[in-house]
Amino acid sequence: MTILKILKYPNVKLRKIAKPVKKINKKIQNIVNDMFDTMYHEDGIGLAATQIDIPLQIIVISKITEKNNPLVLINPKIINQYGEKKVEEGCLSLPKQYAIINRYEFIKIQYLDYYGTHNIIETNSLLSICIQHEMDHLIGKLFIDYLSTLKKNIIIKKIKKMAKKNELLSRKYI
């Protein structure tokens, strides 16, 4: 079990654009396994490889699929999307911050799974929202990028305040 460090906003590495995975091998499968360990440790429901400073198109999702099976999406591409849904989102890279975001209600995507098998999934549930959120990470986009300047600045101010508080607390114990 390997727990990796999740990058936190404003780390510029969160803005990196992920590259496609060329070959699914044991190294990629180990990254996926570590991503699941990290996501579960942080009590998340989805994680993109870019959030752990691995700029590859890999996403893991769990706890929200129809059969509660873990889902691995490698090189995901949206084939179709429509409808609109407002949903409150949060992110492991922006702890304790939430905002209402507009997302497509329905998506259809193609991807490779853990073993390199080509798959297509269609969904209009929370899974759809989570996939879109994680796919945004692969192109260096965060949920706060959908917000007005005012709302985005409020969240950024809260994050800076939390970081400063954590810094002061850690100095106390040195």
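This is a predicted model: local features need pLDDT of at least 70, side-chain atom pairs count only at pLDDT 80 or more; totals for chains, interfaces and linings use all residues.
# Salt bridges, sheet and buried side chains

Q132 lies in helix α2. Residues are numbered from 1 along each chain as its sequence is written, and side-chain values use heavy atoms, with hydrogens and water left out.

Back to Q132. Leaving aside neighbours within four places in sequence, Q132 is in contact (heavy atoms within 4.5 Å) with R103, Y104 and I107. Two of these names come up again below: R103 among the salt bridges and I107 in the sheet.

**The sheet and its helices**

What is the order of the strands in the open sheet? Five strands line up as β1-β2-β3-β6-β7, with antiparallel pairing. The edges are β1 and β7 (118–123), each of which pairs on one side only. Averaged over the sheet, neighbouring strands are turned by 40 degrees against each other, direction ignored. As for what pairing is, strands of a sheet pair through backbone hydrogen bonds, either parallel or antiparallel; the count here asks that DSSP find at least two bridges between two strands.

Take β3 and β6 (residues 106–112): six bridges join these antiparallel strands. I107 in β6 is the bridge partner of Q81.

α1 touches β1, β2 and β3, and its direction makes about 40 degrees with that of β2. α2 touches β1, β2, β3, β6 and β7, with its direction at about 150 degrees to that of β2. The axes behind these angles are lines fitted to C-alpha atoms, for helices over the stretch in contact, and angles run from 0 to 180 degrees between N-to-C directions.

**Salt bridges**

How many salt bridges does a search of the whole structure find? The tally is five, a salt bridge being a side-chain nitrogen of Lys or Arg within 4 Å of a carboxyl oxygen of Asp or Glu.

R103 takes part in two of the pairs. With E89, the closest N and O atoms are 2.6 Å apart. R103 lies in strand β5 (residues 94–103) and E89 in strand β4 (residues 85–91), so this pair ties together parts that are 14 residues apart in sequence. Both of these residues, R103 and E89, are buried. The other partner is D136, with closest N and O atoms 2.7 Å apart. Here the link runs from strand β5 to helix α2 (residues 126–138), so it ties together parts 33 residues apart in sequence.

D53 forms a salt bridge with K13, and the closest N and O atoms there are 3.2 Å apart. This pair links distant parts of the chain, 40 residues apart: D53 sits in the loop between β1 (46–48) and β2 (58–61), K13 in the segment before α1 (26–41). Elsewhere, R15, D145 and K152 are linked in a network of salt bridges.

S62 is found in the loop between β2 and β3 (71–82). Its side chain makes a polar contact with the side chain of Y40 at 2.9 Å. A polar contact is a pair of N or O atoms within 3.5 Å; within protein, one must be able to donate a hydrogen and the other to accept it, and residues adjacent in sequence count only if both atoms are side-chain atoms. Setting aside neighbours within four places in sequence, S62 is in contact with F36, M39, Y40, I45 and P70.

The structure holds zero disulfides (a disulfide being a pair of cysteine sulfur atoms within 2.5 Å). For C91, the nearest cysteine sulfur is that of C130, 10 Å away, and C91 is in no disulfide. C130 is in no disulfide either, its nearest cysteine sulfur being that of C91 at 10 Å.

**Buried or partly exposed?**

Buried means under 20% relative accessible area, exposed over 50%, and partly exposed in between (1.4 Å probe, protein chains only). Here are the values for some of the residues above.

| Residue | Relative accessible area | Class |
|---|---|---|
| S62 | 4% | buried |
| R103 | 5% | buried |
| Q132 | 5% | buried |
| C130 | 6% | buried |
| D136 | 8% | buried |
| C91 | 11% | buried |
| D53 | 30% | partly exposed |
| K13 | 35% | partly exposed |

Methods: Helices (H or I, at least four residues) and strands (E, at least two) are DSSP runs, numbered from the N terminus.
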